[in-house]
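Me: I would like a close look at one part of this model. Please keep it brisk.

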Amino acid sequence: MNRIGIAILGSLMFFCSCKKAESPKLNTGEWLAKMEVSESRQLPFEFTLSQNADGGYVMKAYNAEEVVTIDEFTFNGDSIKVRMPIFEGYIAGTYTSNEITGEFIEESKERRVPFRATYGMQDRFEAEEAPAVNLSGIWETYFNVNTEAEYPAKGIFMQNGNNVKGTFRTNTGDYRYLDGVVTGDSMKLSAFDGSHVFLFLAKVTDSTLDGKFYSGKHTVQEFLGARNEAFELPDSNQLTYLREGYDRFDFSFPNAQGKMVGLDDPMFQGKAVLVQIMGTWCTNCLDETRFYVDFIKNNPDLDLQFVGLAFEYAKTEEKAFEGIKRLKEREEVPYPILLAQYGTSNKQKANEKLPMLNHILSYPTTIYIDKDGEVRKIHTGFNGPATGEKFVEFKKEFNTTIQELTSSEETE
């Protein structure tokens, strides 16, 4: 073969190899994803795919009224990686136009959940029968029943035909926007918010729940519930407090520049201070952060300074600060977030960092400090938007407390 023929053949081979490496296009429209939480149980959630003006993909995952927007897609041939918007987790695997197969991975937590999504309109859960009961109302519920780890929760549900929406409130926060069905005497609820992989399955009667709660593949908890419209959880303002012998709250943790920051820093002088104990991996913390960001925008002139103390799963300090930076940039957080701990979010270890507290029961926990440095209130957990009336109640209480701390005549 002459040189011209060899050159043409080489060009053809190069062209063919490039064509093989091209990434297929994902179909836009409605998809159904299923995540394997056990050998026999799958958590479903719906999402849509669209393309923006730049040709990039945008996934919108739905849980009842919640919409999680995910826009970081990476392709290499038939391989795909989809990074969650705030949290460190990502979906990695292979794909065709009609299917994505792989895993949802959280590296710092060393967790992997098998994932498969298929294109086309499909029901989240198949409702094979008419509902035998209507779950609408309040349910007194206990998880990890008959164990030392038992804890209470308040089930809040609204049912329309087969369809059910709601959440479980606990002393440490809520279990997100749950979405599902009642089919016959079975309740099926799920949520995927970019971090949590929650599936609740139960047998139900007019007055009882008997079920299992799957959190990814790492936790299964049995729960029992009874209808009780009068049930309420303990007061979130009474669960965490200063230990005997302490009359002040203080801390000293580094910012991204390596500077140690405490309450003696000039930014806090002459101001009321809200200290948010949180983690970038925590969805209740994200709900709370968004609330704080919105409040600051609406009340820019208050003598009030927020500061976050982050307790991170990330294995290294560098990775932990990357997560903090990502949260601050994506949510436009105007207040400093310091790194209190990395490598674990263990609450006992967290307490060693903040020994003046009786315990850290929940991420988030917020300490309200007046202008004289006195702790006026400590609020455990966060009742987010999924809790409905409880969220409205929290906002009113929050505004009242801030008025008292800042002596402001008016807040929004």
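This is a predicted model: local features need pLDDT of at least 70, side-chain atom pairs count only at pLDDT 80 or more; totals for chains, interfaces and linings use all residues.

How many disulfides does the structure hold?

Reply: Residues are numbered from 1 along each chain as its sequence is written, and side-chain values use heavy atoms, leaving out hydrogens and water.

The structure holds one disulfide (a pair of cysteine sulfur atoms within 2.5 Å). Cys282 and Cys285 form it, with their sulfur atoms 2.5 Å apart. The torsion about their S-S bond is about 80 degrees, so the disulfide is right-handed. Cys282 has a relative accessible area of 5% and is buried (under 20% relative accessible area, with a 1.4 Å probe and protein chains only; exposed is over 50%, partly exposed in between). Cys285 is also buried, at 1%.

Now the helix. Helices are DSSP runs of H or I, at least four residues, and strands are runs of E, at least two, numbered from the N terminus. Helix α2 covers residues 283-298. Its 16 residues should span 22 Å at 1.5 Å a residue (1.5 Å times one less than the number of residues). The end C-alpha atoms of α2 are 23 Å apart, which agrees.

Cys285 is one of the buried residues of α2. Others include Leu286, Phe291, Tyr292, Val293 and Phe295. The buried residues of α2 pack against several elements, among them β21 (272-278), β22 (304-311), α3 and α5 (389-406) (contact means heavy atoms within 4.5 Å).
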